[in-house]
Amino acid sequence: MIQKAKIRKDFDWTEFWQERTVTWIKAFSWYESKVCLRLFKGLGVKTCLEIGGGPGYLAKLIAQKLGYKLTLVENDPVAYKLFKKVSNFGKYVFKDFFKYKPKAKFDLVFSFGVIEHYPKRTKRLEAIKVHASLSKKYVAIFVPKDSFLIRYFFHYPEDKGFEKLYHRQELEGELKDAGLKIVKFAQNLHAIGYLCKIK
Ligand SMILES: C[S@@+](CC[C@H](N)C(=O)[O-])C[C@H]1O[C@@H](n2cnc3c(N)ncnc32)[C@H](O)[C@@H]1O
(Lines give C-alpha, C1' and ligand atoms only; values in the text may rest on other atoms or scores of the structure.)
Protein backbone atom coordinates (compact mmCIF):
# COMPACT_ATOMS: atom_id res chain seq x y z
CA MET A 1 0.00 0.00 0.00
CA ILE A 2 1.29 3.45 -0.88
CA GLN A 3 1.38 5.67 2.16
CA LYS A 4 0.66 9.33 1.57
CA ALA A 5 3.16 11.74 3.10
CA LYS A 6 1.79 13.28 6.28
CA ILE A 7 0.74 16.91 5.96
CA ARG A 8 2.39 18.96 8.67
CA LYS A 9 0.29 21.79 10.01
CA ASP A 10 3.10 23.65 11.71
CA PHE A 11 6.10 25.05 9.90
CA ASP A 12 9.61 24.37 11.14
CA TRP A 13 11.53 27.53 10.30
CA THR A 14 14.67 26.31 12.05
CA GLU A 15 14.84 23.32 9.70
CA PHE A 16 14.08 25.62 6.73
CA TRP A 17 16.98 27.97 7.53
CA GLN A 18 19.37 25.10 8.35
CA GLU A 19 18.86 23.86 4.79
CA ARG A 20 19.63 27.24 3.16
CA THR A 21 23.11 28.30 2.02
CA VAL A 22 24.41 31.87 2.06
CA THR A 23 24.57 31.84 -1.75
CA TRP A 24 20.91 30.77 -1.94
CA ILE A 25 19.85 33.50 0.52
CA LYS A 26 21.71 36.22 -1.38
CA ALA A 27 20.50 35.15 -4.83
CA PHE A 28 16.88 34.68 -3.70
CA SER A 29 16.85 38.01 -1.82
CA TRP A 30 18.37 39.86 -4.77
CA TYR A 31 15.64 38.48 -7.10
CA GLU A 32 12.78 39.19 -4.68
CA SER A 33 14.06 42.68 -3.82
CA LYS A 34 13.22 43.81 -7.38
CA VAL A 35 9.50 43.16 -6.96
CA CYS A 36 9.51 44.89 -3.56
CA LEU A 37 11.26 47.94 -5.00
CA ARG A 38 8.58 48.23 -7.68
CA LEU A 39 6.02 48.80 -4.91
CA PHE A 40 8.17 50.82 -2.51
CA LYS A 41 9.88 53.40 -4.76
CA GLY A 42 8.74 56.99 -4.31
CA LEU A 43 6.63 56.47 -1.16
CA GLY A 44 8.59 58.98 0.90
CA VAL A 45 9.04 56.43 3.67
CA LYS A 46 11.65 56.79 6.42
CA THR A 47 11.05 53.94 8.89
CA CYS A 48 10.41 50.37 7.82
CA LEU A 49 9.65 47.13 9.66
CA GLU A 50 9.93 43.68 8.11
CA ILE A 51 7.80 41.10 9.87
CA GLY A 52 9.51 37.69 9.84
CA GLY A 53 12.72 39.22 8.51
CA GLY A 54 14.68 35.93 8.41
CA PRO A 55 18.38 36.58 7.74
CA GLY A 56 17.57 40.20 6.85
CA TYR A 57 19.37 40.27 3.53
CA LEU A 58 16.24 41.08 1.48
CA ALA A 59 15.36 43.98 3.80
CA LYS A 60 18.97 45.21 3.77
CA LEU A 61 18.98 45.43 -0.05
CA ILE A 62 15.72 47.43 0.04
CA ALA A 63 16.67 49.67 2.97
CA GLN A 64 20.06 50.54 1.51
CA LYS A 65 18.58 51.34 -1.87
CA LEU A 66 15.75 53.53 -0.48
CA GLY A 67 17.48 54.95 2.61
CA TYR A 68 15.13 53.37 5.15
CA LYS A 69 15.79 53.12 8.87
CA LEU A 70 15.19 49.38 9.21
CA THR A 71 13.82 47.14 11.96
CA LEU A 72 13.23 43.39 11.67
CA VAL A 73 11.13 41.23 13.95
CA GLU A 74 11.92 37.52 13.82
CA ASN A 75 11.85 34.62 16.27
CA ASP A 76 13.93 31.85 14.74
CA PRO A 77 17.43 31.31 16.24
CA VAL A 78 19.01 30.00 13.01
CA ALA A 79 17.64 32.99 11.06
CA TYR A 80 19.29 35.23 13.67
CA LYS A 81 22.65 33.45 13.25
CA LEU A 82 22.35 33.93 9.48
CA PHE A 83 21.49 37.60 10.01
CA LYS A 84 24.80 38.07 11.85
CA LYS A 85 26.62 36.32 9.01
CA VAL A 86 25.00 37.71 5.84
CA SER A 87 23.39 41.03 6.70
CA ASN A 88 23.94 42.59 10.13
CA PHE A 89 22.02 45.68 9.07
CA GLY A 90 19.26 47.44 11.01
CA LYS A 91 17.72 46.67 14.38
CA TYR A 92 16.90 43.00 14.96
CA VAL A 93 14.10 42.32 17.43
CA PHE A 94 14.13 38.65 18.40
CA LYS A 95 10.45 38.12 19.20
CA ASP A 96 7.17 36.57 18.11
CA PHE A 97 5.64 39.31 15.95
CA PHE A 98 2.18 38.69 17.46
CA LYS A 99 3.66 39.91 20.78
CA TYR A 100 5.76 42.80 19.43
CA LYS A 101 4.81 46.17 20.97
CA PRO A 102 7.26 48.85 19.71
CA LYS A 103 7.23 52.34 21.22
CA ALA A 104 6.58 53.98 17.84
CA LYS A 105 4.81 52.81 14.67
CA PHE A 106 6.61 52.49 11.30
CA ASP A 107 5.91 54.28 7.99
CA LEU A 108 5.97 50.97 6.14
CA VAL A 109 5.43 47.43 7.50
CA PHE A 110 5.96 44.52 5.14
CA SER A 111 6.43 40.76 5.05
CA PHE A 112 7.58 38.39 2.36
CA GLY A 113 6.72 34.72 2.75
CA VAL A 114 5.06 34.70 6.16
CA ILE A 115 1.23 34.63 6.13
CA GLU A 116 0.91 31.73 3.67
CA HIS A 117 2.21 29.34 6.33
CA TYR A 118 -0.88 29.71 8.52
CA PRO A 119 -3.45 27.12 7.39
CA LYS A 120 -6.44 28.98 8.90
CA ARG A 121 -7.72 32.11 7.15
CA THR A 122 -8.65 33.64 10.51
CA LYS A 123 -5.03 33.36 11.64
CA ARG A 124 -3.79 34.91 8.37
CA LEU A 125 -6.20 37.83 8.86
CA GLU A 126 -4.92 38.19 12.42
CA ALA A 127 -1.34 38.31 11.09
CA ILE A 128 -2.27 40.94 8.48
CA LYS A 129 -3.95 43.01 11.20
CA VAL A 130 -0.71 42.91 13.21
CA HIS A 131 1.06 44.45 10.17
CA ALA A 132 -1.58 47.20 10.09
CA SER A 133 -1.45 47.85 13.82
CA LEU A 134 2.31 48.52 13.64
CA SER A 135 2.10 50.89 10.67
CA LYS A 136 1.47 54.63 10.35
CA LYS A 137 0.91 54.66 6.56
CA TYR A 138 1.66 51.60 4.43
CA VAL A 139 1.52 47.81 4.60
CA ALA A 140 2.89 45.48 1.93
CA ILE A 141 2.44 41.71 1.83
CA PHE A 142 4.11 39.28 -0.57
CA VAL A 143 3.14 35.61 -0.91
CA PRO A 144 3.95 32.80 -3.37
CA LYS A 145 1.64 32.67 -6.37
CA ASP A 146 -0.50 29.76 -7.48
CA SER A 147 1.00 29.10 -10.90
CA PHE A 148 2.05 25.94 -12.74
CA LEU A 149 5.72 26.79 -12.22
CA ILE A 150 5.43 27.24 -8.46
CA ARG A 151 2.94 24.40 -7.83
CA TYR A 152 5.01 21.78 -9.62
CA PHE A 153 8.60 22.94 -9.11
CA PHE A 154 8.91 25.25 -6.09
CA HIS A 155 6.01 24.48 -3.74
CA TYR A 156 7.27 23.62 -0.24
CA PRO A 157 6.63 19.87 0.33
CA GLU A 158 3.51 19.14 2.39
CA ASP A 159 5.33 16.79 4.75
CA LYS A 160 7.66 19.66 5.69
CA GLY A 161 5.04 22.26 6.46
CA PHE A 162 1.99 24.11 5.22
CA GLU A 163 2.33 26.67 2.42
CA LYS A 164 -0.68 28.25 0.74
CA LEU A 165 -0.23 29.35 -2.87
CA TYR A 166 -2.29 32.41 -3.75
CA HIS A 167 -4.38 33.66 -6.62
CA ARG A 168 -4.33 37.43 -6.85
CA GLN A 169 -8.01 37.78 -5.87
CA GLU A 170 -7.50 35.67 -2.73
CA LEU A 171 -4.74 37.90 -1.40
CA GLU A 172 -6.73 40.99 -2.31
CA GLY A 173 -9.74 39.57 -0.43
CA GLU A 174 -7.75 38.81 2.71
CA LEU A 175 -6.18 42.29 2.74
CA LYS A 176 -9.55 43.97 2.33
CA ASP A 177 -11.14 41.75 4.99
CA ALA A 178 -8.31 42.75 7.33
CA GLY A 179 -9.35 46.38 6.80
CA LEU A 180 -6.68 47.59 4.37
CA LYS A 181 -7.05 49.79 1.28
CA ILE A 182 -5.31 48.41 -1.82
CA VAL A 183 -2.90 50.81 -3.57
CA LYS A 184 -0.75 48.87 -6.01
CA PHE A 185 0.04 45.33 -7.24
CA ALA A 186 3.31 43.77 -8.39
CA GLN A 187 4.50 40.26 -9.22
CA ASN A 188 7.45 38.23 -10.42
CA LEU A 189 7.76 34.55 -11.38
CA HIS A 190 7.50 33.45 -7.76
CA ALA A 191 5.48 35.98 -5.80
CA ILE A 192 2.60 38.41 -5.82
CA GLY A 193 2.41 41.44 -3.57
CA TYR A 194 0.14 44.34 -2.73
CA LEU A 195 0.98 47.72 -1.33
CA CYS A 196 -1.87 48.90 0.91
CA LYS A 197 -2.76 51.96 2.94
CA ILE A 198 -4.06 52.06 6.48
CA LYS A 199 -7.68 53.23 6.28
C1 LIG B 1 10.09 33.09 4.27
S2 LIG B 1 10.80 33.69 5.73
C3 LIG B 1 11.03 35.36 5.31
C4 LIG B 1 12.40 35.63 4.93
C5 LIG B 1 12.70 37.05 4.54
N6 LIG B 1 11.57 37.71 3.93
C7 LIG B 1 13.85 36.99 3.57
O8 LIG B 1 13.58 37.03 2.36
O9 LIG B 1 14.98 36.85 4.02
C10 LIG B 1 9.55 33.89 6.94
C11 LIG B 1 10.13 34.20 8.31
O12 LIG B 1 9.07 34.54 9.21
C13 LIG B 1 9.47 34.11 10.50
N14 LIG B 1 8.30 33.99 11.36
C15 LIG B 1 7.23 33.18 11.18
N16 LIG B 1 6.35 33.34 12.20
C17 LIG B 1 6.88 34.28 13.02
C18 LIG B 1 6.45 34.87 14.25
N19 LIG B 1 5.28 34.54 14.81
N20 LIG B 1 7.24 35.83 14.81
C21 LIG B 1 8.41 36.18 14.24
N22 LIG B 1 8.88 35.64 13.08
C23 LIG B 1 8.12 34.71 12.50
C24 LIG B 1 10.14 32.78 10.26
O25 LIG B 1 10.97 32.40 11.32
C26 LIG B 1 10.90 33.04 8.96
O27 LIG B 1 12.23 33.39 9.18
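Figure 1. Helix H5 (residues 121-133) has 13 residues and spans 18 Å from its first C-alpha to its last, close to the expected 18 Å at 1.5 Å a residue; the expected span is 1.5 Å times one less than the number of residues. This is a predicted model, in which local features need pLDDT of at least 70 and side-chain atom pairs count only at pLDDT 80 or more, while totals for chains, interfaces and linings use all residues. Residues are numbered from 1 along each chain as its sequence is written. Helices (H or I, at least four residues) and strands (E, at least two) are DSSP runs, numbered from the N terminus. Arg124, Ala127, Ile128, Val130 and His131 are buried in H5 (20 or more other C-beta atoms within 10 Å of the residue's own; exposed, 12 or fewer; partly exposed, in between; C-beta atoms placed from the backbone). These residues cover an arc of only 150° around the axis, which puts them on the same side of H5. They pack against strands E1 (47-51), E4 (106-112) and E5 (135-144) and helix H7 (168-177).

Figure 2. In H4 (residues 77-86), the buried residues are Ala79, Leu82 and Phe83. They fall within an arc of 110° seen down the axis, so they line one face of the helix. Exposed Pro77, Lys84 and Lys85 are on the face turned away from the buried side. After H4 comes asparagine 88, with a positive phi near 50°.

**Figure 3. Cover over helix H4.** Elements covering the buried residues of H4 include helices H1 (13-18) and H2 (22-40) and strands E2 (69-74) and E3 (91-94).

Terms used
Arc of directions from axis to C-beta. Contact = placed C-beta atoms within 7 Å.
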